[in-house]
Amino acid sequence: MTKIVSSPNCGNSPKMEFLKAFNTAFAKGNVTFLTESVTDDIVWTVIGDKTIEGKEKFTEALEKMTSEKATELTIHQILSHGKEGATNGLLKMQNGKQYAFADFYAFQSAKGLKIKAITSYCLEV
């Protein structure tokens, strides 16, 4: 089971709650939730590693990642404004590795919850 630790926020932002759920799904390997949360033309740029384009490739990349299990997700910050959002935190893995991350999101629209682009920075610590 993955332990989730999240800093409190104002609690009145649907996008902030969505980003918390999105990051939780990532840590738990919930590929279905993640895939349903992005547009068909999603672009995921993992800085220094790769760019993944399209929902099919996004899903394939997520499925490959499910072999590494997270034991704990700590979310330090969740930010949201209009068509943009961001999170940062720490992932602790079952194999003992830890990763600090910062993800920047572009939403399809200011009111919608579908993600059209993600830029990820990830560093083993």
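**Exercise 1. In which strand is Asp-40 found?**

Solution. The model is predicted.
Step 1. Find Asp-40. Asp-40 sits in strand E2.
Step 2. Check its surface. Asp-40 has a relative accessible area of 60%. The cut-off for exposed is over 50%, so Asp-40 counts as exposed.
Step 3. Look along the chain to Lys-55. Asp-40 and Lys-55 are 15 residues apart in the chain, and their C-alpha atoms are separated by 4.9 Å.

**Exercise 2. List the salt bridges of the structure and say what the Lys-55 pair ties together.**

Solution. 
Step 1. Count. Searching the whole structure gives two salt bridges.
Step 2. Side chains of opposite charge can pair when their charged atoms come close.
Step 3. Take the pair of Lys-55 and Asp-40. Their closest N and O atoms are 3.5 Å apart. Lys-55 belongs to helix H3 (residues 55–65) and Asp-40 to strand E2 (residues 38–46), so this bridge ties together parts 15 residues apart in sequence.
Step 4. Take the pair of Asp-49 and Lys-50. Here the closest N and O atoms are 3.6 Å apart. Asp-49 is exposed at 55% relative accessibility. Lys-50 is partly exposed, at 40%.

**Exercise 3. Trace the pairing of E4 with E1 and with E5, then inspect the hairpin.**

Solution. 
Step 1. Pair E4 with E1. Strand E1 (residues 3–6) runs parallel to E4, over four bridges. Ser-6 stands across from Ile-75 in E4.
Step 2. Pair E4 with E5. These strands are antiparallel, and ten bridges link them. Leu-79 has Ala-86 in E5 as its bridge partner.
Step 3. Look at the turn. The hairpin of E4 and E5 has two residues between its strands, and Gly-82 there takes a positive phi near 60°.

**Exercise 4. Describe helix H1: its span, its buried residues and the residue just after it.**

Solution. 
Step 1. Check the span. H1 has 15 residues, and at 1.5 Å a residue it should span 21 Å. The expected span uses one less than the number of residues. The end C-alpha atoms are 21 Å apart, which agrees.
Step 2. List buried residues. They are Lys-15, Met-16, Phe-18, Leu-19, Phe-22, Asn-23, Thr-24, Ala-25 and Ala-27.
Step 3. Buried means under 20% relative accessible area. Lys-15 has 6%, so it counts as buried.
Step 4. Lys-15 and Ile-118 are 103 residues apart in sequence, and their C-alpha atoms are 15 Å apart in space.
Step 5. Leave the helix. Just after H1, Gly-29 has a positive phi of about 75°.

**Exercise 5. Is Val-31 buried or exposed?**

Solution. 
Step 1. Locate Val-31. This residue is in helix H2.
Step 2. Read its accessibility. The value is 14%, so Val-31 counts as buried.

**Exercise 6. Characterise the largest pocket: volume, lining and contributing elements.**

Solution. 
Step 1. Recall the idea. Rolling a probe the size of a water molecule over the atoms shows where empty space is left.
Step 2. Give the volume. The largest pocket holds about 800 Å³.
Step 3. Assign elements. Those giving two or more lining residues are helix H1 (14–28), helix H2 (31–36), E2, H3, strand E4 (70–81), strand E5 (84–93), E6 and E7. H1 gives the most, with five residues.
Step 4. The lining has 20 nonpolar, six polar and seven charged residues.

Note on methods
Residues numbered from 1 in each chain as written. Predicted model: local features only at pLDDT ≥ 70, side-chain atom pairs only at ≥ 80, totals over all residues. Heavy atoms only, no water. Salt bridge = Lys/Arg side-chain N within 4 Å of Asp/Glu carboxyl O. Buried < 20%, exposed > 50% of the residue type's maximum accessible area, 1.4 Å probe, protein only. 1 Å grid on protein atoms, 1.4 Å probe; cavity = no way out; pocket = protein on both sides within 12 Å on 5 of 7 lines; lining within 4 Å. Points joined across faces, edges and corners; volume = space filled by probe spheres on them. Nonpolar A, V, L, I, M, F, W, Y, C, P; charged D, E, K, R; others polar. Pairing = 2+ DSSP bridges.
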